[in-house]
Amino acid sequence: MTVTICRCEDITEEEIVEAIEDGYTELESLKRHLRLAMGQCQGKTCIPLTERILARKLGKGPDDMDEPTARPPSRQVSFGVLAGDEDDR
Amino acid sequence: MKMTDKAGAVIIGGGVNGLGTAYHLAKKGYTDVVILEKSYICSGASGRNGGGIRQQWSSSENIKLAMESTKMFEELSDELEEDLEFIQGGYLVLAFTDDELEQFKENVALQRKMGLDTEYVSPEEAKEMVPQLNISKVKAATFNQSDGTVYPFPVVHGYARVLREAGVEIREHTEVLDIETSGDEIASVRTSDGKIKTDTVVNAAGGWSSDIADMVGVELPNKPYRHEIMVTEPFARFLEPMIISFHHGIYFSQSKHGNIVGGIGNPDEKEGINQRSSLWFMRTMAKTLVDFIPQFRSVNMLRQWAGLYDTTPDAQPIIGPVPEVRRFYQLNGFSGHGFMVSPVVDKVTAELILGETPSMDIERLSVERFEGMDLEQEYSVVG
């Protein structure tokens with residue numbers, strides 16, 4: 001059975017496990033290797049799931065994993081709003 | 001895993017240039033190399049840049065490095081068996097002032113003399129290339145089709161995979177604490193995880209390279225400066241070239257996935273190691289982007305981040321040995337364009353380590369140029 005972990009970038013559990021075995025043993029480098037957490041949801045779904053896969057593979061607890069740096073804006077905002085256009089407010 | 005305590009060469013920095021140098025050494029059969037990275041591979045500027053591959057520079061050294069590197073990037077996807085997403089959609093460089101027009105004339109003349117077929121483009125022709133572009137203040141532009149973009153991660157990760165397969169040790173989360181010398185020779189590198197005996201060190205530490213050189217009493221003029229960048233949601237590809245303006249300090253392109261990736265420089269940025277995101281950038285980038293392409297108003301920004309330019313006084317890299325310490329090779333000071341020139345400078349650094357004649361003359365990029373010599377200033381820095 002294929003388990004999809006990241007819907008934005010279409011990444012499966014199998015691909016994550018393979019990447020961990022290839023030496024990408026932390027969330028920051030898994031993210032850069034697989035584009036994990038780089039899609040529209042910004043990791044809200046895939047990061048906690050990947051954290052558990054990684055912890056299991058490394059024999060650690062999920063709380064021992066370093067979270068990737070949070071990047072602003074925390075949800076998508078249009079350039080119109082950011083540029084201060086009146087009619088976009 | 002047993003850690004090596006002795007190596008033919010130690011490379012400091014797990015970015016594109018450190019790993020690229022090890023890659024070129026491995027290609028020649030030399031794998032007695034340890035790469036030290038204080039964080040994870042590609043954690044510095046190599047994983048924080050816009051992936052631009054530009055040959056349109058104002059200094060002959062940068063043009064030469066970028067031309068040869070572009071040719072090497074054309075082959076690299078096949079060589080690494082990775083999709084590097086290298087797209088040669090060209091760079092459209094916009095001029096907004098009379099001073100820029102004058103500089104662009106010199107740039108194009110020099111580039112054409114060096115065999116690079118950059119062309120002058122009128123504002124109307126620029127609009128033909130990008131119909132959504134606001135050309136009301138554009139005076140002229142230059143365009144070179146063979147410039148483009150690459151996706152940085154698979155390049156660096158591709159090198160790492162080949163190196164691991166060849167048995168080269170890449171040590172992440174291992175910080176260099178000191179480089180020990182005996183006379184004018186390197187004796188060992190002391191790290192947060194033990195000592196490695198070696199007589200050869202490559203300083204490819206990006207924004208931290210001056211600190212590394214300091215360990216052996218070598219003074220580099222490089223200073224780190226934060227530069228910020230962002231990515232939008234993906235949408236159907238419409239933008240072929242990378243668009244840049246030195247006047248605004250902006251660059252942006254559309255990736256193969258459809259995201260707009262771009263940055264804008266802050267002229268008031270202070271020197272120092274700072275990789276935090278700012279509200280100034282978010283607002284300035286948004287305002288400038290919608291001025292360039294009004295339709296961007298409805299596009300969503302997804303994420304912003306920052307990285308370091310390791311900046312030299314003439315905005316050209318420092319490559320090669322230093323007079324004070326033997327076999328201490330510099331591979332730094334890239335001033336914001338280290339990814340795009342990496343293939344050739346990494347190849348040359350590997351040649352220097354092996355005592356071969358460099359396939360490209362890089363003598364003018366020695367650190368010694370800063371001592372009293374007339375510098376050829378690079379003007380075409382952006383972001």
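How many bridges join strand E9 of chain B to strand E10 of chain B? Six, and the two strands run antiparallel. Before I go on, a caution: this is a predicted model.

Let me stay with those strands. E9 covers residues 176-182 of chain B, and E10 covers residues 185-191. One pairing to find on screen is B:Glu180, whose bridge partner in E10(B) is B:Ser188. The hairpin of E9(B) and E10(B) has two residues between the strands. Look at B:Gly183 in that hairpin: its phi is positive, near 65 degrees.

Now the next strand along. E10(B) also pairs with strand E11 of chain B, residues 194-197. That pairing is antiparallel too, with four bridges. Here B:Thr191 stands opposite B:Gly194 of E11(B). Again there is a hairpin, and two residues link E10(B) to E11(B).

On to the aromatic rings. A pair of rings is described by the distance of the centres and the angle of the planes. Over all chains, the search of the whole structure finds 10 aromatic pairs. Take B:Phe73 and B:Phe339. Their rings are stacked, 6.4 Å centre to centre, with 10 degrees between the planes. Which parts of chain B does this pair tie together? B:Phe73 lies in helix H2, residues 60-80, while B:Phe339 lies in the loop between strand E19 (328-332) and helix H8 (342-353), so the pair ties together parts that are 266 residues apart in sequence. Both B:Phe73 and B:Phe339 are buried.

Compare that with B:Tyr151 and B:Phe153. Their ring centres are 5.6 Å apart and their planes stand at 90 degrees, so this pair is edge-to-face. Buried or exposed? B:Tyr151 is buried, at a relative accessible area of 16%. B:Phe153 is buried as well, at 8%.

There is also a cluster of rings. B:Phe96, B:Phe235, B:Phe238, B:Phe252, B:Phe292 and B:Phe296 make up one aromatic cluster.

Two arginines sit over rings. B:Arg54 lies over the face of B:Trp57, at 3.8 Å from the ring centre. B:Arg164 lies over the face of A:Tyr24, at 5.7 Å from the ring centre.

The size of an interface is often given as the accessible area lost when the parts come together. Here, the area buried between chain B and chain A is about 2,800 Å². Carbon and sulfur atoms give 54% of that area. On the chain B side, B:Tyr40, B:Leu302 and B:Arg303 lose the most area to chain A. Together they make up 23% of what that side buries.

What about salt bridges across the interface? Between chain B and chain A the count is zero. Over all chains, though, the count comes to 24 salt bridges.

Three of them deserve a stop. B:Arg164 forms a salt bridge with B:Glu172, with the closest N and O atoms 3.9 Å apart. B:Glu172 is buried, with a relative accessible area of 18%. B:Arg164 counts as partly exposed, at 27% relative accessibility.

Next, B:Glu169 and B:Arg171. Their closest N and O atoms are 2.6 Å apart in the salt bridge. Both residues count as buried: B:Glu169 at 10% relative accessibility, B:Arg171 at 4%.

Finally, B:Arg364 and B:Glu376. Their side chains meet in a salt bridge at 3.3 Å, N to O. Each lies in the segment after H8 of chain B, so the pair ties together parts that are 12 residues apart in sequence. B:Arg364 counts as partly exposed, at 45% relative accessibility. B:Glu376 is also partly exposed, at 24%. What else joins them? Salt bridges that share partners bring B:Glu61, B:Lys64, B:Arg364 and B:Glu376 into one network.

Terms used:
Residues numbered from 1 in each chain as written. Chains lettered and ligands numbered in written order. Predicted model: local features only at pLDDT ≥ 70, side-chain atom pairs only at ≥ 80, totals over all residues. Heavy atoms only, no water. Pairing = 2+ DSSP bridges. Phe/Tyr/Trp six-rings, centres within 6.5 Å; stacked < 30°, edge-to-face > 60°. Buried < 20%, exposed > 50% of the residue type's maximum accessible area, 1.4 Å probe, protein only. Lys NZ or Arg CZ within 6 Å of the ring centre and 35° of its normal. Buried area = accessible area lost by both parts, 1.4 Å probe. Salt bridge = Lys/Arg side-chain N within 4 Å of Asp/Glu carboxyl O.
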